Amino acid sequence: MTSRWGVWVLISLRGSSLRFYELRESIQGISEKMLAQTLRALVQDGLVWREVEPTTPPQVTYGLTGFGRDVGEPLTELFDRITRRLSPGSAG
């Protein structure tokens, strides 16, 4: 992963595949350019797959490969643990 954004992309894709704009909306603070660069690197590393539908404009969907799910699983557990700890009303 080339940037901190790679972790967020893996976490965002843990539930289902998403189109580019859905990913951008799910990751606050990421620019289109940074998302495109991050996705390119994750696809190249074999963590994320990319599918282009030949429409006008093209619809591009991304999802986790098996390797991406394996790598993302501990990240998801960590993310969930942090989210629970930081949520309002949590004892801790």
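Tryptophan 49 has glycine 63 in β3 as its bridge partner. This is a predicted model, in which local features need pLDDT of at least 70, side-chain atom pairs count only at pLDDT 80 or more, and totals for chains, interfaces and linings use all residues. Residues are numbered from 1 along each chain as its sequence is written, and side-chain values use heavy atoms, leaving out hydrogens and water.

Start with the strands. Strands (E, at least two residues) and helices (H or I, at least four) are DSSP runs, numbered from the N terminus. Two strands pair if DSSP finds at least two bridges between them. Six bridges join β2 to β3, residues 59-64, and the two run antiparallel. One further pair there is arginine 50 with tyrosine 62. β2 and β3 form a hairpin, with five residues between them.

Arginine 19 stands opposite threonine 61 in β3. The three strands make an open sheet in the order β1-β3-β2. β1 (18-19) and β2 (48-53) stand at the edges with a single partner strand each, so one side of each has no neighbour in the sheet.

Next, the helices. The axes (lines fitted to C-alpha atoms over the stretch in contact) of α1, residues 5-12, and α3, residues 32-44, come within 10 Å and cross at roughly 75°. That makes α1 roughly perpendicular to α3 (65 to 115 degrees between N-to-C directions). In contact (heavy atoms within 4.5 Å), Trp5, Gly6 and Val9 of α1 meet Met34, Leu35, Thr38, Leu39 and Leu42 of α3.

Terms used. Axes are lines fitted to C-alpha atoms, for helices over the stretch in contact, and angles run from 0 to 180 degrees between N-to-C directions. Angles under 35 degrees count as roughly parallel, over 145 as roughly antiparallel, 65 to 115 as roughly perpendicular and the rest as oblique.
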